[in-house]
Amino acid sequence: MPHLLVGVLLVLACVGGALWWTTSAQGRVPVLAVTRPLSVGHVLERTDVREVEISAADTVATVPAEQATTVFGRPMATSLGPGALLTPDSVGPAAIPAAGHAIVAVALKPGQFPLEVAAGSPTLVVVTAPSSPSGASVAPESGQTWPATVTGLVKAESDQTTVISLQLVGDAALALAQVPVGQVSLVMLAGGER
């Protein structure tokens, strides 16, 4: 009797699993996702994207896999990280900097930014104290912070410097540009924090 009960439960579990599998697979559509970090202005190529299947509402903007040829050869309007879904607004004229914002580049060494920082990461820019005291400076004071978004990053081939492009409010970008090299650190924030 116990073996019969276990057999019936096993059959019911298999039927339930099969039903769940088929209903979860329905409504999935093939769309394009980014395979590697892409910066603004990069001309999109076939190797930059891959096809993924998602189940999403009709209001979610994506590029269907069958329309891939419409985006190849076009420049990126925004920076995207690996795994991000490509949207129609992702390609075309540059969408950054946003109105009232500016982009500034900072050269950072290992230890001045988290390794997980990628295009699109929300960050907090922190002005740090100089390594050696010097005369009067027009740079912002140590401890000054500004919210920023990473728009791109490139590792230098000759040394361990990484150049990170940051989008900030216009005045903050001008102030950050005046900070001496070596006196900036980035703190990576959770998705919606500022």
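Modeller: What follows starts with the helix and its core, then turns to a loop serine, the charged pairs and the surface.

The model is predicted. Its secondary structure comes to two helices and seven strands, and along the sequence these follow the pattern α-β-β-β-β-β-β-α-β. Of the 194 residues in the chain, 32% are buried.

The helix in question is α2 (170-177). Its buried residues are Gly170, Ala172, Ala173, Ala175 and Leu176. These buried residues pack against five strands, namely β3, β4, β5, β6 and β7.

The largest nonpolar core has 20 residues, and the members touching the most others are Val125, Trp146, Ile164, Leu166, Leu168 and Leu176. Two or more residues each are given to this core by β3, β4, β5 (145-155), β6 (162-169), α2 and β7 (184-188). The largest share, four residues, comes from α2. In soluble globular proteins, nonpolar side chains tend to be buried together.

Ser121 sits in the loop between β3 (101-108) and β4 (122-127). Ser121 counts as buried because its relative accessibility is 7%, where the limit is under 20%. A polar atom of the Ser121 side chain lies 2.8 Å from the backbone oxygen of Ala118. Leaving aside residues up to four places away in sequence, Ser121 touches Glu116, Ala148, Thr149, Val150 and Met188.

The charged pairs come next. The whole structure holds two salt bridges. One of them joins Asp159 to Lys109, with the closest N and O atoms 3.6 Å apart. Asp159 is in the loop between β5 and β6 and Lys109 in the loop between β3 and β4, so this pair ties together parts that are 50 residues apart in sequence. Both ends are partly exposed: Asp159 has a relative accessibility of 37%, and Lys109 has 40%.

The other bridge joins Asp48 to Arg36, and here the closest N and O atoms are 2.7 Å apart. Asp48 and Arg36 are both in the loop between β1 (29-34) and β2 (49-54), so the parts tied together are 12 residues apart in sequence. Asp48 is buried, with a relative accessible area of 0%, whereas Arg36 is partly exposed at 35%. Side chains of opposite charge can pair when their charged atoms come close.

Leu4, Leu5, Val8, Leu9 and Leu12 make a nonpolar patch of about 500 Å². Leu5 belongs to helix α1 (residues 2-25) and is exposed, with a relative accessible area of 53%. The chain exposes about 11,800 Å², and carbon and sulfur atoms supply 62% of that area.

A last figure concerns contacts across the whole chain. Of the contacts with a separation of 6 or more, 66% are between residues 24 or more positions apart.

How values were computed: Residues are numbered from 1 along each chain as its sequence is written. This is a predicted model: local features need pLDDT of at least 70, side-chain atom pairs count only at pLDDT 80 or more; totals for chains, interfaces and linings use all residues. Side-chain values use heavy atoms; hydrogens and water are left out. Patches are made of residues with over 30% relative accessible area and no salt bridge: like charges are joined within 9 Å, nonpolar side chains (Val, Leu, Ile, Met, Phe, Trp, Tyr) within 5 Å. Accessible areas come from the Shrake-Rupley method with a 1.4 Å probe; for residues, only the protein chains shown count as cover. A salt bridge is a side-chain nitrogen of Lys or Arg within 4 Å of a carboxyl oxygen of Asp or Glu. Buried means under 20% relative accessible area, exposed over 50%, partly exposed in between (1.4 Å probe, protein chains only). A polar contact is a pair of N or O atoms within 3.5 Å; within protein, one must be able to donate a hydrogen and the other to accept it, and residues adjacent in sequence count only if both atoms are side-chain atoms. Contact means heavy atoms within 4.5 Å. A nonpolar core is a set of buried Ala, Val, Leu, Ile, Met, Phe, Trp, Tyr and Cys residues joined through side-chain atoms within 4.5 Å.
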